[in-house]
Amino acid sequence: MPEAARKIPITVKVNGQSYAREVEPRQLLVEFIRETLELTGTHIGCDTTYCGACTVLLNDAAVKSCTMFAVQADGAQIATVEGLEKDGELHPIQQAFADCYGLQCGYCTPGFMMSALQLLSHIPDPSEEQIKKAIAGNTCRCTGYQNIFKAIQTAGERMRSPANGH
């Protein structure tokens, strides 16, 4: 059997759900998420790591899923934008992006949200400089970034609120 046709078994936990699948060694993580698991919120933008539209959390670290093979995620926990919403309620990050006009076309938004989640998980009240550094690997061609900064700051405030269920 040709090398490329051989499949490798992997097990991952995505948004809290376990999946066991066989993948080709060369299948990218973003393709696995979108095509195999049919979680299409993670976008394919540039295929060169520049835009960040494919950003997911892999074991709580923001990674560009277009730069990893699915086999490299074997045994990992992955969070995608679909995992933010709980029981029909938007996550504070999602709600803040909507409330603060932190999105326009929306193509880059899932990557920004996942980068924001990593940041706010580690630094609940980030400065603008910390936000800039955290989202430096994400590109938006529509918003001018100011509303994205505002959305991340607002999400942080909401996530720190004791009334928040997330």
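1. Basis. The model is predicted; local features need pLDDT of at least 70 and side-chain atom pairs count only at pLDDT 80 or more, while totals for chains, interfaces and linings use all residues. Residues are numbered from 1 along each chain as its sequence is written, and side-chain values use heavy atoms, with hydrogens and water left out.

2. Composition. The chain contains five helices and five strands, where helices (H or I, at least four residues) and strands (E, at least two) are DSSP runs numbered from the N terminus. Their order from the N terminus is β-β-α-β-β-β-α-α-α-α.

3. Overall dimensions. Along the principal axes, the C-alpha atoms fill a box of roughly 55 × 30 × 25 Å.

4. Of the 166 residues, 43% are buried, that is, under 20% relative accessible area with a 1.4 Å probe, protein chains only. Among contacts (heavy atoms within 4.5 Å) between residues at least 6 apart in sequence, 58% join residues at least 24 apart.

5. Helix α2. In α2 (residues 92-99), the buried residues are Pro92, Ile93, Gln94, Ala96 and Phe97. These buried residues pack against α3 and α5. Just after α2, Tyr101 has a positive phi of about 55°.

6. Helices α2 and α3. The two axes come within 10 Å and cross at roughly 125°; axes are lines fitted to C-alpha atoms over the stretch in contact, and angles run from 0 to 180 degrees between N-to-C directions. The pair is therefore oblique, the class left after roughly parallel (under 35 degrees), roughly antiparallel (over 145) and roughly perpendicular (65 to 115). Ile93, Gln94 and Phe97 of α2 meet Thr109, Phe112, Met113, Ala116, Leu117 and Leu120 of α3. This contact has seven nonpolar, two polar and no charged residues; Asp, Glu, Lys and Arg count as charged, Ala, Val, Leu, Ile, Met, Phe, Trp, Tyr, Cys and Pro as nonpolar, and the others, Gly among them, as polar.

7. Helices α3 and α5. The axes of α3 (residues 109-122) and α5 (residues 146-160) come within 11 Å and cross at roughly 45°, which makes α3 oblique to α5. The contact is made by Phe112, Ala116, Leu117, Leu119 and Leu120 of α3 and Ile148, Ile152, Ala155, Gly156 and Met159 of α5. By class, nine of these residues are nonpolar, one is polar and none is charged.

Definitions and conventions. Buried means under 20% relative accessible area, exposed over 50%, partly exposed in between (1.4 Å probe, protein chains only).
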